[in-house]
Amino acid sequence: MTIYLFTNSKTLLHKFELFSESSGWVIEVKSPKEFFDTFTKIPGCSFIYLDIQSLSEDEIESMIHHMIGHSNYWYGIIDPKNEYQNIASLFHRGISDYISKKELTSPLDPQRVETIRTWKQCFEGDGEESADGVQPLNIIKSKKGWDTIEKGKEYSFVKVFIAVEELLEMKNSYGYKYTNSLVSHFHDYVSLIMQQQNGRLMLKDTNKSLFLFPYADDNSKVITTAYLLMLNRVLISGEVLRSPNLLKYTVIIHLGNTPYLTQDEAGLAVSDSLNFIFHVANTIPELGQLYVTDTLFSDIPKEIEDLFIKAPQYEGHAMKRLMKMNF
Amino acid sequence: MNVDKSFLKLAAQSLAESIDQRSMVHLARELIPEFNLAEKVSMPGSLDVPRFVIAKQIIDDMQEYNLLIPFLNIFFSIHYKGYKGRRYKISRFRELIVALYDMGFSLDSQTGKLYEDPQFRISRNWGVLREGIDYTFTFLWTDVMDSTGLVKNNSKSSTKKFYESYHSIVRKTVESRNGRIWLVEGDGILSAFHFGDHTEKALYSGISILNKIHDYNRFENVLSDAVGLRLVVNSGSCTYFEHNSAIKETDAVKKTIQYEKATLPGTITVDSLIAGTIGGVLEQVLHPVKTDNALDYSSYAFSWDK
């Protein structure tokens, strides 16, 4: 069994001295700087331990985010200075081990790793969740959500794109004025919901809106909110908006880096992840559904994970789609 | 109900300025058939009793018999529905509505009737319905599937926790749409809707309850199995009673509960008469079901599909 240990500390290496080759253990030591380059070459179902003592907060988040997007490994975080604050969130996000200063006072017991192996299953070659040919995302986290986000600077945002579909058919049936008013009411309603969840409107077109949420350790709330928009389609269409027909809306959720610009300047934003989300919206074959890209698979709440099914890959990103609701 | 004297004066002024003496007395007799003006007002027979004096007497009597809000509803109906073929403009209407709002009553824009504002108080009769009078209601019946198994297969504390959540979901959903919980019989909950578009409100409540239970099963369920609900929406004329035993004996309520047997888990059964009058989004999601007996109905359910 191979353990890939990303560390610059020789002292730490000594803590793995009980993992002897004769017992079947191989320790591959790499510098954390080599993390992203090495990651693609690591065989599935290996152990990956990351020593975070020399890394910045943003670097740690980027690496952890990358890890949890690839579920076919066992991961451990080594924190020799007890600096990591939200330890519970690591386990919620699928990390299997956390080694603090206390555990490092003596050599690590191989039984610890064995226990993880029996406790948590690993499926080798879980290709479904791995992005194909997409550069790993370098997470740029704002320290205090919107409070510390500065205009013009780049941050990692969860982007929620929402578009009302079948606009032409609606205009033919109900007229331009009524349709525009209905779509505008829908936009206002969705904006209110997104704001309640800490989202901000970045772009708005006739029938499309794009909301930004600052990247957080746990982004599942955003996905749950979008899921509820789909679940409550009858209530939103009929009761809230008094629409004569069941509204059809597409929702795409994607994590990417974008410079933060206000709604007035957002048209000037240059960002691959923004382009990506609009490309998907313009060409996706099944409209009126909720899609999540592989950047956020690990944030799909476990409680509704079974409702998300594999959708066709798009520009190297694996996609999942919420099942359709039949009435 | 304690009412400020200034409001009683305002109501009397409005009544006096809006209709003539005879009509005022007729309106009063709709609630107090034995209302006799001569007995109430001591004026020499040769003199006309001023309108304001009659109006004040009527308003004071209505207040004394706790019939002020029902009387104002009758009074407002001469504006919304008309009286003896004629529609009346109500004087000081705006002032009255503002004062009533401060007292915790709102005006239903569809029916023109006053009802208590749920933000202030929630009572079984919306503060205005009177015992023994017929009204049109839409009923929503909610029932938990296999409650015997639920109790048998789960601990007492889990079962209790579930029922607290279930009752809270139904109550919040119904009351947020100005419905009232009338009857709670173990798993079965009967809600009534009377004001506004009460049929739509009952149907949307039912759909919302199903969605919330779906989420409860996924996010919060403490029980060994998923919970299934059966819901029924039925509409009809029914005499209002304060007591549950009398309410249960009314035909409309009996028929509502009777539909439960035909209802599949996770489904709302909707009486065919309601389904025939529903349009828009609700019409799109209701599907007619033909039966061998006379009990045809429509149903609502949703499922997830790849």
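Here, two strands count as paired when DSSP finds at least two bridges between them. Keep that in mind for the close-ups below, which all come from a predicted model.

**View 1. Strands 3 and 4 of chain A lie in a parallel, five-strand sheet.** Reading across this open sheet, the strand order is 2-1-3-4-5, and the pairing is parallel. Strand 2 (26-30) and strand 5 (97-100) of chain A sit at the edges; each has just a single partner strand, so one side of each has no neighbour in the sheet. On average, neighbouring strands here are turned by 20° against each other, ignoring direction. Now zoom in on strand 3 (residues 47-51) and strand 4 (residues 74-79) of chain A: five bridges hold this parallel pair together. For one example, look at A:F47, whose bridge partner in strand 4 is A:W74. Helix 5 (residues 110-119) of chain A packs on the sheet, touching strand 1 (2-6), strand 3, strand 4 and strand 5 of chain A. The direction of helix 5 makes about 125° with that of strand 3.

**View 2. Chain A also has an open sheet of seven strands.** This time the order is 7-8-6-9-10-12-11, and the pairing is mixed. Which strands stand at the edges? They're strand 7 (200-204) and strand 11 (308-314) of chain A, and since each has a single partner strand, one side of each is left without a neighbour in the sheet. Neighbouring strands in this sheet are turned by 30° against each other on average, again ignoring direction. Strand 11 and strand 12 of chain A run antiparallel and share five bridges. Look for A:A311 here: its partner in strand 12 is A:M319.

**View 3. Chain A meets chain B.** Chain A puts 28 residues into the contact, and chain B puts in 22 residues. Together they bury about 2300 Å², with 60% of that coming from carbon and sulfur atoms. There are 15 residue pairs in polar contact across the interface. On the chain A side, helix 8 (220-231), helix 9 (233-240), strand 12 (317-322) and strand 13 (324-326) each supply at least two residues. Helix 9 gives the most, with five residues. Sorted by class, this side of chain A has 15 nonpolar, seven polar and six charged residues.

**View 4. A salt bridge and a strand pair cross between the chains.** How many salt bridges are there between chain A and chain B? There are three, one of them between A:D306 and B:R218, where the closest N and O atoms are 2.7 Å apart. Strand 13 of chain A also runs antiparallel to strand 10 (residues 303-305) of chain B, joined by three bridges. Within strand 10 of chain B, B:S303 is the residue opposite A:N326.

Technical notes:
Residues numbered from 1 in each chain as written. Chains lettered and ligands numbered in written order. Predicted model: local features only at pLDDT ≥ 70, side-chain atom pairs only at ≥ 80, totals over all residues. Heavy atoms only, no water. Contact = heavy atoms within 4.5 Å. Buried area = accessible area lost by both parts, 1.4 Å probe. Salt bridge = Lys/Arg side-chain N within 4 Å of Asp/Glu carboxyl O. Polar contact = N/O pair within 3.5 Å; in protein donor to acceptor, adjacent residues only side chain to side chain. Helix = DSSP H or I, 4+ residues; strand = E, 2+ residues; numbered from the N terminus. Nonpolar A, V, L, I, M, F, W, Y, C, P; charged D, E, K, R; others polar. Axes fitted to C-alpha atoms, helices over the stretch in contact; angles between N-to-C directions.
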